[in-house]
Amino acid sequence: MITEITLKEKETEQKLNGFSFEEIGDDHLYTGIETPMKSDAFDISDKDKKEKISILFSEIMNVMGLDLTDDALKGTPERVAKMYIDEIFSGLNPANKTKIALFDNKYQYNQMLVEKNITFYSNCEHHFVPIIGKAHVAYISSGKVIGLSKLNRVVQYYAKRPQVQERLTNQIAEELKSALQTENIAVIIDAKHLCVSSRGIKDETSSTVTSYFGGAFNTAEKIAELQNTLNY
(Lines give C-alpha, C1' and ligand atoms only; values in the text may rest on other atoms or scores of the structure.)
Protein backbone atom coordinates (compact mmCIF):
# COMPACT_ATOMS: atom_id res chain seq x y z
CA MET A 1 0.00 0.00 0.00
CA ILE A 2 2.73 2.46 0.94
CA THR A 3 4.63 1.72 -2.28
CA GLU A 4 1.54 2.28 -4.42
CA ILE A 5 0.72 5.58 -2.71
CA THR A 6 4.32 6.78 -3.01
CA LEU A 7 4.48 5.97 -6.72
CA LYS A 8 1.17 7.68 -7.36
CA GLU A 9 2.32 10.82 -5.55
CA LYS A 10 5.55 10.83 -7.54
CA GLU A 11 3.59 10.61 -10.78
CA THR A 12 1.33 13.55 -9.83
CA GLU A 13 4.04 15.66 -8.14
CA GLN A 14 3.38 19.37 -8.59
CA LYS A 15 5.96 22.12 -8.72
CA LEU A 16 5.96 24.77 -6.00
CA ASN A 17 7.01 28.24 -7.11
CA GLY A 18 8.50 26.61 -10.19
CA PHE A 19 10.61 24.11 -8.24
CA SER A 20 10.09 20.39 -7.68
CA PHE A 21 10.14 18.93 -4.15
CA GLU A 22 13.54 17.43 -4.96
CA GLU A 23 14.89 20.82 -6.02
CA ILE A 24 13.47 22.47 -2.90
CA GLY A 25 15.26 19.86 -0.80
CA ASP A 26 15.84 20.97 2.79
CA ASP A 27 14.38 24.46 2.30
CA HIS A 28 11.50 25.04 4.66
CA LEU A 29 8.10 25.89 3.25
CA TYR A 30 5.80 28.05 5.37
CA THR A 31 2.34 27.97 3.82
CA GLY A 32 0.36 29.87 6.46
CA ILE A 33 -0.38 30.40 10.12
CA GLU A 34 -2.75 27.42 10.36
CA THR A 35 -1.32 23.93 10.73
CA PRO A 36 -2.24 22.05 7.51
CA MET A 37 -5.01 19.66 8.58
CA LYS A 38 -7.52 17.49 6.75
CA SER A 39 -11.18 18.38 7.26
CA ASP A 40 -11.87 14.86 8.56
CA ALA A 41 -8.81 14.76 10.84
CA PHE A 42 -10.85 13.84 13.91
CA ASP A 43 -13.36 11.46 12.39
CA ILE A 44 -11.07 8.67 13.59
CA SER A 45 -10.68 8.10 17.32
CA ASP A 46 -7.26 8.31 18.98
CA LYS A 47 -7.50 4.58 19.66
CA ASP A 48 -8.02 3.80 15.97
CA LYS A 49 -5.26 6.22 14.97
CA LYS A 50 -2.80 4.45 17.25
CA GLU A 51 -3.76 1.06 15.82
CA LYS A 52 -3.30 2.29 12.24
CA ILE A 53 0.01 4.02 12.98
CA SER A 54 1.29 0.89 14.68
CA ILE A 55 0.52 -1.20 11.58
CA LEU A 56 2.07 1.35 9.21
CA PHE A 57 5.18 1.83 11.34
CA SER A 58 5.62 -1.92 11.47
CA GLU A 59 5.70 -1.85 7.67
CA ILE A 60 8.31 0.92 7.69
CA MET A 61 10.50 -1.08 10.07
CA ASN A 62 10.00 -4.19 7.96
CA VAL A 63 11.02 -2.35 4.77
CA MET A 64 14.15 -1.14 6.56
CA GLY A 65 15.02 -4.76 7.26
CA LEU A 66 14.49 -4.77 11.01
CA ASP A 67 13.48 -8.02 12.69
CA LEU A 68 10.14 -7.36 14.36
CA THR A 69 10.22 -10.76 16.05
CA ASP A 70 13.18 -9.67 18.19
CA ASP A 71 12.19 -8.99 21.79
CA ALA A 72 13.78 -5.51 21.66
CA LEU A 73 11.64 -4.42 18.69
CA LYS A 74 8.32 -6.21 19.22
CA GLY A 75 6.66 -3.33 21.04
CA THR A 76 8.24 -0.48 19.07
CA PRO A 77 5.37 0.14 16.61
CA GLU A 78 2.88 0.43 19.47
CA ARG A 79 5.22 2.68 21.47
CA VAL A 80 5.74 4.98 18.48
CA ALA A 81 1.99 5.17 17.84
CA LYS A 82 1.27 6.04 21.47
CA MET A 83 4.06 8.64 21.48
CA TYR A 84 2.73 10.29 18.32
CA ILE A 85 -0.89 10.58 19.45
CA ASP A 86 -0.61 11.02 23.22
CA GLU A 87 2.63 12.97 23.45
CA ILE A 88 4.70 14.68 20.79
CA PHE A 89 1.82 15.45 18.39
CA SER A 90 -0.95 15.84 20.97
CA GLY A 91 -1.22 19.53 20.07
CA LEU A 92 -2.95 18.61 16.83
CA ASN A 93 -6.10 17.71 18.73
CA PRO A 94 -8.19 20.71 19.88
CA ALA A 95 -9.47 18.57 22.75
CA ASN A 96 -6.02 18.89 24.32
CA LYS A 97 -6.03 22.68 24.21
CA THR A 98 -5.73 24.23 27.65
CA LYS A 99 -8.69 26.23 28.94
CA ILE A 100 -7.70 29.76 29.88
CA ALA A 101 -9.53 31.64 32.62
CA LEU A 102 -9.16 35.42 32.81
CA PHE A 103 -8.97 37.34 36.07
CA ASP A 104 -9.27 41.03 36.83
CA ASN A 105 -5.95 42.81 37.13
CA LYS A 106 -6.58 43.73 40.77
CA TYR A 107 -2.88 44.35 41.36
CA GLN A 108 -3.11 47.23 38.84
CA TYR A 109 0.16 45.99 37.34
CA ASN A 110 0.37 47.82 34.03
CA GLN A 111 3.94 47.10 32.97
CA MET A 112 5.03 44.18 30.85
CA LEU A 113 4.96 40.71 32.32
CA VAL A 114 7.60 38.36 30.91
CA GLU A 115 7.75 34.58 31.15
CA LYS A 116 11.16 33.63 29.80
CA ASN A 117 13.06 30.43 29.07
CA ILE A 118 10.02 28.22 28.49
CA THR A 119 11.63 25.00 27.30
CA PHE A 120 9.77 23.20 24.52
CA TYR A 121 10.23 20.23 22.22
CA SER A 122 8.63 20.25 18.81
CA ASN A 123 9.20 18.44 15.52
CA CYS A 124 10.09 19.75 12.08
CA GLU A 125 7.22 19.04 9.70
CA HIS A 126 9.64 18.46 6.81
CA HIS A 127 11.67 15.62 8.32
CA PHE A 128 9.85 14.81 11.60
CA VAL A 129 12.98 15.33 13.68
CA PRO A 130 13.11 17.42 16.87
CA ILE A 131 13.15 21.18 17.29
CA ILE A 132 14.45 22.00 20.77
CA GLY A 133 14.28 25.50 22.09
CA LYS A 134 13.18 28.16 24.52
CA ALA A 135 10.29 30.57 24.17
CA HIS A 136 10.00 33.97 25.83
CA VAL A 137 6.50 35.47 25.99
CA ALA A 138 5.38 38.82 27.32
CA TYR A 139 2.19 40.82 27.58
CA ILE A 140 0.84 44.07 28.98
CA SER A 141 -2.52 43.66 30.68
CA SER A 142 -5.59 45.23 29.12
CA GLY A 143 -7.33 44.86 32.46
CA LYS A 144 -7.24 41.08 32.57
CA VAL A 145 -4.53 38.56 33.54
CA ILE A 146 -4.07 34.80 33.34
CA GLY A 147 -2.24 32.30 35.52
CA LEU A 148 1.47 32.12 34.73
CA SER A 149 1.39 28.40 33.98
CA LYS A 150 -1.11 29.03 31.19
CA LEU A 151 1.58 30.91 29.26
CA ASN A 152 3.72 27.77 29.39
CA ARG A 153 0.78 25.59 28.40
CA VAL A 154 -0.01 27.68 25.32
CA VAL A 155 3.60 27.28 24.17
CA GLN A 156 3.54 23.51 24.77
CA TYR A 157 0.20 23.02 23.01
CA TYR A 158 1.34 24.59 19.75
CA ALA A 159 4.82 23.07 20.00
CA LYS A 160 3.38 19.55 20.09
CA ARG A 161 2.70 19.48 16.36
CA PRO A 162 4.74 19.03 13.22
CA GLN A 163 5.95 22.64 12.96
CA VAL A 164 7.99 25.32 11.35
CA GLN A 165 9.32 27.90 13.77
CA GLU A 166 7.73 30.89 12.05
CA ARG A 167 4.28 29.33 12.32
CA LEU A 168 4.85 28.29 15.94
CA THR A 169 5.80 31.87 16.85
CA ASN A 170 2.70 33.34 15.22
CA GLN A 171 0.34 30.69 16.59
CA ILE A 172 1.47 31.36 20.15
CA ALA A 173 1.12 35.12 19.62
CA GLU A 174 -2.36 34.88 18.09
CA GLU A 175 -3.58 32.58 20.86
CA LEU A 176 -2.33 34.95 23.57
CA LYS A 177 -3.82 37.96 21.80
CA SER A 178 -7.20 36.23 21.72
CA ALA A 179 -7.01 34.89 25.27
CA LEU A 180 -5.78 38.11 26.87
CA GLN A 181 -7.89 40.42 24.69
CA THR A 182 -4.95 42.64 23.86
CA GLU A 183 -2.58 43.36 20.99
CA ASN A 184 0.24 43.96 23.48
CA ILE A 185 1.94 40.60 23.02
CA ALA A 186 5.56 39.64 22.36
CA VAL A 187 6.93 36.20 21.52
CA ILE A 188 10.58 35.32 20.93
CA ILE A 189 11.73 31.79 20.13
CA ASP A 190 15.33 30.59 20.03
CA ALA A 191 15.57 27.00 18.85
CA LYS A 192 17.91 24.35 17.53
CA HIS A 193 16.67 22.28 14.59
CA LEU A 194 17.98 18.73 14.40
CA CYS A 195 17.13 18.66 10.69
CA VAL A 196 20.01 21.16 10.41
CA SER A 197 22.38 19.79 13.05
CA SER A 198 21.95 16.01 12.77
CA ARG A 199 21.53 15.65 9.00
CA GLY A 200 21.80 17.70 5.83
CA ILE A 201 24.28 20.54 6.38
CA LYS A 202 25.09 19.13 9.87
CA ASP A 203 25.68 22.52 11.47
CA GLU A 204 25.73 21.83 15.20
CA THR A 205 26.30 25.39 16.43
CA SER A 206 23.62 27.49 14.75
CA SER A 207 20.21 28.27 16.19
CA THR A 208 17.16 30.02 14.77
CA VAL A 209 15.50 33.06 16.35
CA THR A 210 12.02 34.27 15.45
CA SER A 211 9.94 37.00 17.03
CA TYR A 212 6.54 38.61 17.14
CA PHE A 213 5.99 42.12 18.51
CA GLY A 214 2.42 43.38 18.70
CA GLY A 215 0.78 46.56 19.93
CA ALA A 216 2.89 48.46 22.46
CA PHE A 217 5.76 46.01 21.96
CA ASN A 218 6.15 47.06 18.34
CA THR A 219 8.35 50.03 19.19
CA ALA A 220 12.12 50.28 19.39
CA GLU A 221 11.89 51.45 23.02
CA LYS A 222 9.73 48.54 24.17
CA ILE A 223 11.74 45.97 22.22
CA ALA A 224 14.91 47.26 23.88
CA GLU A 225 13.24 47.07 27.32
CA LEU A 226 12.17 43.50 26.63
CA GLN A 227 15.64 42.51 25.44
CA ASN A 228 17.17 44.02 28.58
CA THR A 229 14.75 42.03 30.73
CA LEU A 230 15.61 38.80 28.91
CA ASN A 231 19.31 39.47 29.43
CA TYR A 232 19.02 39.79 33.23
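How many residues lie between β2 and β3 in the hairpin that they form? The hairpin has five residues between its two strands, and Phe128 in the turn has a positive phi of about 55 degrees. This structure is a predicted model, in which local features need pLDDT of at least 70, side-chain atom pairs count only at pLDDT 80 or more, and totals for chains, interfaces and linings use all residues. Residues are numbered from 1 along each chain as its sequence is written, and side-chain values use heavy atoms, with hydrogens and water left out.

**Overall make-up**

- The protein has eight helices and seven strands. Helices (H or I, at least four residues) and strands (E, at least two) are DSSP runs, numbered from the N terminus.
- Of the 232 residues of the protein, 33% count as buried. Buried means under 20% relative accessible area, exposed means over 50%, and partly exposed lies in between (1.4 Å probe, protein chains only).
- Among contacts in the protein with a separation of 6 or more, 68% come from residues 24 or more positions apart. A contact means heavy atoms within 4.5 Å.

**The sheet**

- Five strands make an open sheet, in the order β5-β2-β3-β6-β7, with mixed pairing. The edge strands, each pairing on one side only, are β5 (162-163) and β7 (208-213).
- Helix α6 (residues 165-180) packs on this sheet and touches β2 (112-124), β3, β5, β6 and β7. The direction of α6 makes about 155 degrees with that of β6. For such angles, axes are lines fitted to C-alpha atoms, for helices over the stretch in contact, and the angles run from 0 to 180 degrees between N-to-C directions.
- Strands of a sheet pair through backbone hydrogen bonds, either parallel or antiparallel. Two strands count as paired if DSSP finds at least two bridges between them.
- β2 and β3 run antiparallel and are joined by ten bridges. Ile118 stands opposite Ala135 in β3.
- β3 (residues 130-140) and β6 (residues 185-193) also pair in the antiparallel sense, over nine bridges. Ala138 has Ala186 in β6 as its bridge partner.
- β2 and β5 run parallel, with two bridges between them. Asn123 stands opposite Pro162 in β5.

**Two buried residues in the strands**

- Tyr139 is in strand β3. Tyr139 counts as buried because its relative accessibility is 3%.
- Tyr139 and Asn184 are 45 residues apart in sequence, but their C-alpha atoms are 5.5 Å apart in space. Leaving aside neighbours within four places in sequence, the contacts of Tyr139 include Met112, Val145, Leu180, Asn184 and Phe217.
- Ile188 is in strand β6. Ile188 is buried, with a relative accessible area of 8%.
- The C-alpha atoms of Ile188 and Asn117 are separated by 9.8 Å, and these residues are 71 apart along the chain. Not counting residues up to four places away in sequence, Ile188 touches Ala135, Val209, Phe213 and Leu230, among others.

**Two loop residues with positive phi**

- Phe128 is in the loop between β2 and β3. Phe128 is a residue other than glycine, and its phi is positive, near 55 degrees. Phe128 counts as partly exposed because its relative accessibility is 41%.
- Gln181 is in the loop between α6 and β6. Gln181 is not a glycine, yet it has a positive phi of about 55 degrees. Gln181 counts as exposed because its relative accessibility is 53%.

**The largest pocket**

- The largest pocket holds about 1,000 Å³ of space. On a 1 Å grid over the protein atoms alone, a pocket is an open set of points where a 1.4 Å probe fits, with protein on both sides within 12 Å along at least five of seven lines. Grid points are joined across faces, edges and corners, and a volume is the space filled by probe spheres set on the points.
- The pocket is lined by 25 residues, and the closest to its centre are Lys49, Ile53, Tyr84, Ile85 and Leu92. Lining residues have an atom within 4 Å of a point.
- Helices α3 (46-63) and α4 (76-88) each supply at least two residues of the lining. α3 gives the most, with seven residues.
- The lining divides into 15 nonpolar, four polar and six charged residues. Here Ala, Val, Leu, Ile, Met, Phe, Trp, Tyr, Cys and Pro count as nonpolar, Asp, Glu, Lys and Arg as charged, and the others, Gly among them, as polar.
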